[in-house]
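Visitor: I should like to learn how to read the features of a structure. May we take them one at a time?

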Amino acid sequence: MHSSTKKSEQPTHTADFPRQFARSRRFSLGVPRHVTVSPDGRRALFVRTGSGTDPVGRLWQYEDGAERLLADPALLVGAGSGTVPEEERLRRERARERSVGVVSYATDEAARLVAFALSGALWAVRTDGGTPFSVPAAGPVVDPRPSPDGEYIAYVSRRCFHVVDLAGADRQLTRTEDPEISYGLAEYVAAESMHRPRGYWWAPDSRRLLVARVDTSPVERRYISDPADPAKPPQAIRYPAAGTPNAEVTLELLSLEGERIEVEWDRKAYEYVVAAGWDTHGPFVCVQSRDQRSMRTLAVDPETGATDVLHERTDPAWVEIIEGTPARTASGALVLPEDEGETRYLTVGGQRVTPEGLQLCAVLGVEGERVLFTASDDPLETHVWLHEPGHGIRRLSQEPGRYTGVARGGTVVLAGETPRGEEVGVLRADEVGVRRGDGVDVRQGDGAGAEGRAAGDPPHQTFITSLAEEPSVTPRPVHLTLGERQLRASLFLPSWHEEGTGKLPVLLDPYGGPGIQVVGRARRWFSCVSQWFAEQGFAVLAVDGRGTPNRGPAWEKTIHGDQLTPALEDQVDALRAAAARCGDLDLTRVAIRGWSFGGFLAAAAVLHRPDVFHAAVAGAPPTDQRMYDTHWKERFLGRPEEQPENYVRSSLIGHGHLLSRPLLLVHGLADDNVAAAHTLRFSAELLAAGKPHSVLPLPGATHLPADDAVNAQLLHFQRDFLLKALEGRATRD
C-alpha cells in the first residue's frame, strides 16, 4: 500500500479478532436477552448464557438488585437427551438464534410460572422458589406457553395442538388431518417476513385459545441436500417463491372442552395473517391483501367467529408492518401506525400522539393507557419512548444508541446497543427525568424515590450483568452525512494510519436494503468487523441508502419497483462524497463486500459499475428475485407475472455477461432462506459467458453459518481475496 505507515507500527491486537468474533457468535453470547417484567415491576426474567463463549442459555431472575438462577440445563436430569424437533429447529433458525439450552420461554400473567422446552421435553419452574420440574407431554414439545392463570401449558407436538395441566393430564385439542397441516405454528412468511413467530394466543380467562391452522400443501417444495454427505437423503421444505401459492392460513377459537369455531373473514381478498391476539376486549386479528396495499384490523366475536372491521390502512406501494401493532389500551383505544409524507406516526384511538419527524419503529407494549414504543428522530439512534394520556410522550433512553425495552408495573427494562456495547438496565419510569442515563436499576421499595432525592442526584444504578466478551477491536467510526440525499455513513480508518501519509484502498461494507441499518451511534458486531477490515489496511465505508428503515415512509418506498438502482446509486454517491471529505481514500482501488441483500448489492456493483468498483465479495446473494419468498419480494416488486420488468431490473441473473471485475461468491449449501441455487445458477451463467469468478461453497451452512472455524476463516479469506484483487498490500496478522 502507498501509506508511509510502517508495518511494525501497526497494531497486533487484531490477530485474534476473527476467532473471537466466531466463538462469541458475533458477541451475542453472555448478553441478557428475552426480558419479561412481572406485573408489579419488582422482578425481571431473562435468558443469558454462561459466558461470552458458552453457548448454553440459562434462565435467570433479577430482583432487588440481585440475580438468581432459575434453570440451568446442565443440572436438569435428562435435559440434554433427545433431539430438537424439526419445527423448533426451524423456529430458532428464523429467530437467528445462536445459542442452545434455554433459548426462549413464556410465563403466566403473574410471571410466576415459566415454561420452556429442552431437546423436545417440557419443563417448568416457579419463580418464587423450588427447582425446575418436567411436565409429561404427548411428544416432542414446541413453543410451550402457560395459560394466564398458570394452571395449564399449551404446546405443539408433531403439528398437533395440546394443553396439559401441571400434573400431566394432557388434552389434544386438535389433531392434524394431513402431514401438510399444522396447528399453533407460524408459517414461513409469517416468521421470516411479518414479525409473527407464534401461532396461538391464550384468552385472558385461560379457558380458550385463538389458534392458527396452516395448510402448506399448495406451497412449492424445495429440497436441500448435503453434497458433502451423498448418503444423506435430501430434506424437503415448503418455500413460497414470489408469484407462487402461499400456505392457507385460517384461525380457530378452541375451548379446553374441545369446542372449535372457525374465524370468518374474506380470506380470498386478505390471505395474510399479520398479527393476532386476545385481550380483555376479545380476540382480534390483522390481515393483509396479497398485494400488501390494504391491511385490516378485525374484531373477532368469540362466540361465533364473525369479524368486524375496526380499522383499514391502505397505501399505493405497500402497507408497512410495524411490530407490536395493532394493540389496544385498557379502554379499547386502537394503537396503530399512520404514514403521511415523510413521517410514520403513532396513533392511539385514531389520534396522532407523536410529532412530525419522529419515526415510529415498533410498539413494545401497552399497559393500561400507557404505550411503550421505539422511535427515531435521528437515523443514527433509536430510542424507547412512553406515551401516557395527559402527559404526552417522553423519551426513556437517554444515552446515544439503539434501544428496545419492556415495561410493567412502573418499571422499564432498557436493552441498548450503545457506543460501549450491549447493555441491559432497569429503571422506574417515574425517575427517568433525573436518571443520568447510563444505567440502571432503580429498585422499588428502597426509599430512593425521585421525590426523595436532591435535584440532579442520580438514582441508585446497576446493570443486569452482561458476560459478553469485550471485542479485541474497538470501532472508531467517523459519522458522516453525505450528498444531496443526506446519506448517513460511517467511515472506519486504521488506528495506525496518519492522515495525509498515504492513500488507502477503499472497502464499502453495506447492507443497504430494507429492515436493517448498519450506521449508528452504537458498537454493534458489524461495526467491529468494519474496523477489523480497516486495521488490515482499508478505509471502510458503511452507508445506509434509500430503502433502509427509520427515515420515514417516503424514504423507504423510493425502492418500490426497483430494489437495485437507488441502492447502488446511493453507494456510489456516498463513496464520492466521502472521498471529497477525506483525501486519503484511493478511488482507483475500491472493493465492496456484503451478505444477503448486501451480497446482492456487492455483486451488482461490479456488474453495473465497474468504473467505480474493482472487486467484490458477495455472500448468500439473492441473484434471482423470483426465487425469493412471496411476502418479502412482492412487497417491493409486485407479482412477477404482473410486473416482470421489476424482477428483471432488480436481479443479477441475466446480467452476468457484464462482469469484468474479480468476484467471489460465498454461499451455504443448506441455506433455506436464500437457496444455494441463487449462487449456483448465477455462477453457471458467468461461466457460460466466459467470465472468470470464484465460488466458495459452505457445506452444511445455513443463511448464517454456525460453524465457528468457518466463520473465523471467512474473514481472512475475504480479506486476502480483496487485497489480491486490488493488487495492494495491507497489514497482515
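Visitor: Which side chain forms a polar contact with the side chain of R238?

Guide: A polar contact is a pair of N or O atoms within 3.5 Å; within protein, one must be able to donate a hydrogen and the other to accept it, and residues adjacent in sequence count only if both atoms are side-chain atoms. In this predicted model, the side chains of R238 and E180 are joined by such a contact of 2.9 Å. The side chain of R238 also reaches the backbone oxygen of V219, at 2.4 Å.

Visitor: Where does R238 lie?

Guide: Strands are DSSP runs (E, at least two residues), numbered from the N terminus. R238 belongs to strand β18, residues 235-238. Contact means heavy atoms within 4.5 Å; leaving aside residues up to four places away in sequence, R238 touches E180, T216, S217, V219, E220 and R221.

Visitor: How is confidence read?

Guide: pLDDT is the predictor's confidence in each residue, from 0 to 100. The chain averages 91, and 90% of the residues score at least 70. Over residues 1-9 the pLDDT is below 50, though this stretch has 26 contacts beyond near neighbours in sequence. Residues 729-733 are also below 50, with 21 such contacts. Where pLDDT is low, the predicted coordinates should not be read in detail.

Visitor: How many disulfides are found in the whole structure?

Guide: A disulfide is a pair of cysteine sulfur atoms within 2.5 Å. The search finds 0.

Visitor: What rules apply throughout?

Guide: Residues are numbered from 1 along each chain as its sequence is written. Local features need pLDDT of at least 70 and side-chain atom pairs count only at pLDDT 80 or more, while totals for chains, interfaces and linings use all residues; side-chain values use heavy atoms, leaving out hydrogens and water.

Note on methods. Helices (H or I, at least four residues) and strands (E, at least two) are DSSP runs, numbered from the N terminus.
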